[in-house]
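Subject: Structure handover

Hello,

Here is the structure for your files. My notes on it follow below.

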Amino acid sequence: MAKQRPEKPSGDSAADKPVEKPAKRPKPPREKKPRDPAMPWSPAVRTLVSLAVLFHLAAVFVPPWFLYLTPMHKATPAVPPGEPVRDARGEDLPPNRWREIGVEIQAPPLVAGLAKFFDHYANLLYINNGYEFFSPNPSVSHVVDYEVLDDNGQPIAEGRLPDLRDQWPRLYYHRHMMLVEQTQTPDNPLNGVEDTVAEWLLAKYGGASVRMTLSIHHLLTPQRVIDGMRPDDPSTYERVGTFTHRKGDVPRPNAAVESIPAPGTTIPGVTP
Amino acid sequence: MSSLLAAIRGYLVDVWGAWNQFWFTPADPATLSLLRLLAGSMLFYTHFIWSLDLSGFIGPDGYVPVYVLRPPGNDIAWSAWSVFFWIKSTWLLWTVHIFALLVFASLALGFFSRIAALLAFPLAVSYAHRVTPGAFFGLDKANCMLAMYLLLGPCGARYSLDRLWRLRRGEATDPEPSVSANLAIRLLQVHLCIFYLFSGLPKLDGSSWQLGTALWWAAANNEYRSLSLLWMAEWPKLTALLTHATVFWEIFYCCLVWNRYTKPIVLAIAFAVHGGIALFMGMITFGTAMIIANLSFFKPETVRKLVDPIAARVSLALVGKKVS
């Protein structure tokens with residue numbers, strides 16, 4: 001028996017119609033994987049955030065690493081190892097004068113490159129700093145005594161930076177202490193801005209000039225303390241420079257620093 | 001060869017798994033919320049103190065004028081920015097300052113916490129850049145570090161006015177564990193490890209840290225001292241022990257703080273060191289800020305056990321319900 005063909009539907013319109021394909025079996029709906037409650041973020045999001053985390057942590061790590069490797073006390077001249085850096089008279093030059101004879105301070109190439117790469121990001125987030133507290137060694141403090149004078153040279157105000165009696169609470173005192181330290185540290189870019197501090201004191205008290213005296217407050221050895229010497233004994237203060245600033249004077253770089261004694265200078269009973 | 005590849009693949013899968021578990025596991029926002037409360041209070045107090053001589057320290061013509069930090073034609077990076085570099089008038093200076101204080105107070109109280117956290121960080125950085133160099137110190141670094149990570153997570157989920165407000169409206173559900181809370185805390189923890197590592201390493205270059213006398217010289221500094229440590233003059237070996245312990249603790253903090261057996265010891269030393277700095281060296285704010293940062297290593301369960309009873313009393317008093 002011959003197989004019967006299904007009858008074609010009669011009529012022209014039916015002939016024009018394409019033959020209907022058997023309907024595709026509908027795919028079962030893809031089951032959504034239930035999100036792991038222990039790991040709610042998708043792998044893609046975690047990957048992206050992981051990259052951001054790595055970038056950020058590198059930016060946190062690099063600036064203190066760079067600063068740790070490049071402090072002034074560890075400065076290495078760009079000359080063959082062991083070769084001294086001397087001036088024309090044959091005297092050894094300190095690092096801050098190497099450039100005078102065309103010798104640069106060496107920077108670690110990889111870390112310096114990384115620091116440059118992260119520079120703006122680190123600046124924006126204030127992670128562009130080191131964490132070198134009391135290092136390489138705890139050091140002496142500086143104090144500035146000031147006297148504001150009127151047009152006739154008569155004192156109208158006087159004080160000390162920092163001074164616990166005037167500056168309270170403790171954080172306010174500490175800010176003044178940092179102000180003095182950061183204007184007196186040789187490596188610090190603010191070194192020598194005594195004139196601007198003086199100008200502000202003049203604006204504050206309304207004087208015509210201000211006389212400022214910088215002193216180093218040296219630290220006592222344990223033996224001196226055992227011997228009964230007080231840490232605020234007058235002999236522990238070493239006056240290193242006095243200068244007078246008149247209203248409107250052009251700032252002079254390193255005005256007071258000029259009179260600081262050479263490194264290593266000691267005063268009796270005190271360890272610098 | 002294929003077994004080697006399989007081993008490498010297995011290793012990488014394990015690493016990825018551990019990495020995910022470390023960074024992306026949801027955590028109760030209790031620790032982050034406690035940090036918000038404490039760090040926000042510290043930010044408020046720190047910046048309130050500028051009010052005592054705002055023009056002198058932050059104003060355009062103060063002790064260190066803006067033109068000294070940003071001289072015309074300088075090559076200083078634009079990114080070392082501060083809103084105070086552009087402020088010329090005293091009234092605007094005070095307006096911004098009062099706004100900043102309100103933001104820090106909001107952050108501390110947990111009032112519109114997420115917005116406050118978003119604003120607090122750039123404001124804190126603005127102050128810090130204005131006084132760097134000038135009058136900055138470790139406190140500013142610690143404050144900015146704390147503020148930076150608070151903005152990443154739901155820092156007002158607990159111990160906040162936001163939470164009390166939600167309760168008042170009848171939303172009494174407990175805050176959900178959050179990935180971003182964990183992420184924020186983890187970033188702060190790792191940042192803290194880097195902080196201590198680079199605080200410890202430079203000390204190895206110092207003769208006094210090598211000899212074990214550094215703590216004496218720090219204690220003998222009259223300008224720092226708040227409580228006397230001069231008795232240490234008669235205890236050189238104790239001084240040396242504390243000096244060496246400080247260096248070892250700082251350098252190895254980044255390793256030992258992750259181990260469950262050494263973590264309590266490392267954190268106890270952190271509280272002792274920073275507590276000592278606060279009490280004896282007059283840096284109460286810096287010592288406290290660092291202790292707050294170390295609290296990031298407290299598990300949320302521990303924080304809840306310690307803080308929830310206090311928070312419950314506060315909420316009972318304010319909204320008549322006992323919740324944390």
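Helices (H or I, at least four residues) and strands (E, at least two) are DSSP runs, numbered from the N terminus. This is a predicted model, in which local features need pLDDT of at least 70, side-chain atom pairs count only at pLDDT 80 or more, and totals for chains, interfaces and linings use all residues. Residues are numbered from 1 along each chain as its sequence is written, chains are lettered from A in the order in which they are written, and side-chain values use heavy atoms, with hydrogens and water left out.

Helix α12 of chain B (residues 236-256) contains B:Thr239. Leaving aside residues up to four places away in sequence, B:Thr239 touches B:Gly212, B:Leu215, B:Trp216 and B:Met232; contact means heavy atoms within 4.5 Å.

On the interface: 77 residues of chain A are in contact with 86 residues of chain B. The two chains bury about 7,000 Å² between them, 70% of it on carbon and sulfur atoms; buried area is the accessible area (1.4 Å probe) that two parts lose on being put together, summed over both. In chain A, A:Tyr126, A:Arg175 and A:Trp200 lose the most area to chain B, together 12% of what that side buries.

Between chain A and chain B there are 3 salt bridges (a side-chain nitrogen of Lys or Arg within 4 Å of a carboxyl oxygen of Asp or Glu). A:Arg175 forms a salt bridge with B:Asp140, with the closest N and O atoms 2.8 Å apart.

Regards
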